[in-house]
Amino acid sequence: MSTMLLEKIKENIFSQLKLSQTDKKLVEEILCEKMNLDRVSVILDMILKMKLDKDSVLAFLTYQLYKVEPDKADEIEKKLNADCIEMVETYKAIKDISQLTLSEEIEDIKRMFIAMSKDMRVVFIKLAGIFYDISKLTLPLSDKERFFVKQVAEIHVPLSERLGFDALKQNLADNVIRLLHPEEYNRLKESVEINYDENEKQLSITKDKIQKILDELKIKGEIVSRQKHISSIYNKLHSKNLRLNQIYDLIAMRVIVDTVEECYAVLGRIHGIYKPMAGRVKDYIANPKPNGYKSLHTTIIVENQHPMEIQIRTYEMHKESEYGGVCAHWLYKEKKSKKNEFDSRMTWFRETVENAKNMSDEDFINTLKSDLYDGVIFVQTPKGRVLEFPEGATAIDFAYAIHTDIGNSCVGAKINQKMRPLGTPLANGDIVEIITSTQSKGPSRDWLNIVRCNNTKSKIRAFFKSEMKEDNIKTGKSILNEYIQSKNYSSSQLLTEDYVKEICEKFNFENENEMYAAIGGGSLTAGQVVGRLIARWNKDNQVEKISQSVVHLKRNKDGVLIDGDSGLLVRFAGCCSPIEGDEIIGYISRGKGVTIHRHNCQNLKYLEPERLISAQWQSKENSTFMASLKVIINKIDNNLAKVTSLIASLKLPLRGFEVKENDDKFDCRVTVEVKNTEELNKNIALLQTLKDVVDVYRSER
């Protein structure tokens, strides 16, 4: 099966791209069966549909190879051009989201924004990978999976929309609704499928009529149809409090022609044969959407007396809508003839990257969510430059959008040629002139409560941080040194030149003082820094040597648990209470020997990975262990005594018993003494025989 899929992937690449013989051999050399070929196939198909270039494909495949055969991938990199190599290195920096902790995930999003300002191809492929991950999830979701889906909904879906990746955005959003609102998703899907045949018949009739219009006007065009995505239906139902029969674009027809003039000509003729719905004709050519989307939209009443949306656009508009700004961006990098519309829209992303340096992780994510979702207004300078703002933005926001220095020195504003306070909210179409003064002492802290844009807040905070930078550096040094000492390390051990350089690169600081200032100013915690420093120190020193061995659990003549090979003292973790037969892992504690955890213990993710060590049960001893069980029981005549009597009747080796009463259930925690997992499973089976028992499972203490 994998061989067939591998050949299918090669065929897809070779048929879609014009490759030299050298590049074909390179593709053959990179692809291997060790890769996750299903993932490669899905993402590659999206890359090729986006019409990305061969460099995008080669870089993507090389990174997939890097994940399974890093040494071979390093050799392949030497054969790539500089553009490909830079993309591969960026992929390495932006890790797979499924492997990340919360703090790492936020850093990953920051790195994605940095990559966005350099090469949009990388960002599209990253988003395509997120689509693959979410499309493979099934219900029920774990806590980590649910957090991932919510992150996709709050960040990656609106981000895809802002970039103009319409198809990708719809696919991501559909999966979000499928996983977070499964009942409504299935209900809407069923409703759409019931009307599928009728809709297809009507689409065919309307398509024939529009083709006749094109023939009469002697216009060469393309007509395609679609039925609305489930997520779009869901969002309209909830955001506008509508019923399903009030959504007028469940089915739609798209007409693609060569010129803008032909767009308007086709619109006029369609209105000549179909009645348009009042208020449903929208000209996004004259007034594009904030993400640059252009098209004519009209909703008409067709033969079956239902509404149908018609979209009319040029091939250039269609390319921009389907492929977002990716193609325009990388083609622009090659030609460099002029700054295009997409590059103008990139200003927000570049500002976000710059401002992220002065934000805590929490502030960054909150900024991202609010800025992505805000409604927008358009405001002009006296010279006609148009700027985009969230609704409620003020003249102060406008000043900082022009330039940080303008914001720091502004003292007044003229809105539509009339003097207004700086905190005045702006309206769509306002013409704003900012008045500055060299005598200005800078922004007021009160402005933070007035302004609407998070970028503006970041620039104001940056002003005050700059004013207090020396103090922040001193404070940051003190905080960091105290934290290092609290972890039983010395500054000379952890604050070496190489280690500090690594931290600066990780958090995008230009130098050591910036790191200290960030800690002193509160945008970076000492724990974030010291955790990484300790991990690096452990890797370079004794923990690396210790970790090469394996703990073999055995009890000595005094009954004390030891490592059977080294005599090292060992203890069991109270959080997960491992017993003989469990898959286990050890954690090297300073001065406390080795602590043994169950392999799936939730607390492992909070420990330093470099200190984890393999562990095995050496031999079966006459030892016993305590294990906790959770028993959920229906209320029995509301009588707790009956519950305890039933459990006692099983004659289990009970060592503890607690009960919590809920509305219709008893939640019992039963502690039993067992020799191994086999005996524990027998106890679980016994408890499951009790009448009215809903569930029995092992729990952590």
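**Figure 1. A salt bridge joins Glu29 and Lys79.** In this predicted model, the closest N and O atoms of Glu29 and Lys79 are 2.9 Å apart. Glu29 belongs to helix 2 (residues 21-30). Lys79 sits in the loop between helix 5 (70-77) and helix 6 (82-93). The pair therefore ties together parts that are 50 residues apart in sequence. Is Glu29 buried or partly exposed? Its relative accessibility is 32%, so Glu29 counts as partly exposed. Lys79 is partly exposed as well, with a relative accessible area of 48%.

**Figure 2. Lys136 and Asp38 form a salt bridge.** Here the closest N and O atoms are 3.2 Å apart. The pair links distant parts of the chain, 98 residues apart. Lys136 is in the loop between helix 8 (120-135) and helix 9 (143-163). Asp38 is in helix 3 (residues 37-49). Lys136 has a relative accessible area of 47%, so this residue is partly exposed. Asp38 is also partly exposed, at 32%.

**Figure 3. Arg269 meets Glu216 in a salt bridge between two helices.** The N to O distance between these side chains is 2.4 Å. Arg269 lies in helix 14 (residues 260-273), Glu216 in helix 12 (residues 196-217). Because of these positions, the pair ties together parts that are 53 residues apart in sequence. Arg269 is partly exposed, with 34% relative accessibility. Glu216 is partly exposed too, with 44% relative accessibility.

**Figure 4. Glu7, Lys10 and Glu28 belong to one salt-bridge network.** Salt bridges that share partners join these residues. Side chains of opposite charge can pair when their charged atoms come close. How many salt bridges are there by this rule? The count comes to 17.

**Figure 5. Strand 15 (residues 584-589) is largely enclosed by the rest of the structure.** Buried here means under 20% relative accessible area. Which residues point which way from strand 15? Ile584, Gly586 and Ile588 point one way. Ile585, Tyr587 and Ser589 point the other way. Residues on both sides are buried.

**Figure 6. Strand 15 pairs with strand 16 and with strand 17.** Strand 16 spans residues 593-598 and pairs with strand 15 in the antiparallel sense. This pairing runs over 6 bridges. Strand 17 spans residues 612-617. Its pairing with strand 15 is likewise antiparallel, over 3 bridges. Which residue of strand 17 stands opposite Tyr587? Leu612 does.

Figure 7. The chain holds 701 residues, and 47% of them count as buried. Consider the contacts between residues at least 6 apart in sequence. Among these, 66% join residues at least 24 apart. The chain exposes about 35800 Å². Carbon and sulfur atoms supply 48% of that area.

Terms used: Residues numbered from 1 in each chain as written. Predicted model: local features only at pLDDT ≥ 70, side-chain atom pairs only at ≥ 80, totals over all residues. Heavy atoms only, no water. Buried < 20%, exposed > 50% of the residue type's maximum accessible area, 1.4 Å probe, protein only. Helix = DSSP H or I, 4+ residues; strand = E, 2+ residues; numbered from the N terminus. Pairing = 2+ DSSP bridges. Salt bridge = Lys/Arg side-chain N within 4 Å of Asp/Glu carboxyl O. Contact = heavy atoms within 4.5 Å. Areas by Shrake-Rupley, 256 points an atom, 1.4 Å probe, with all protein chains shown as cover.
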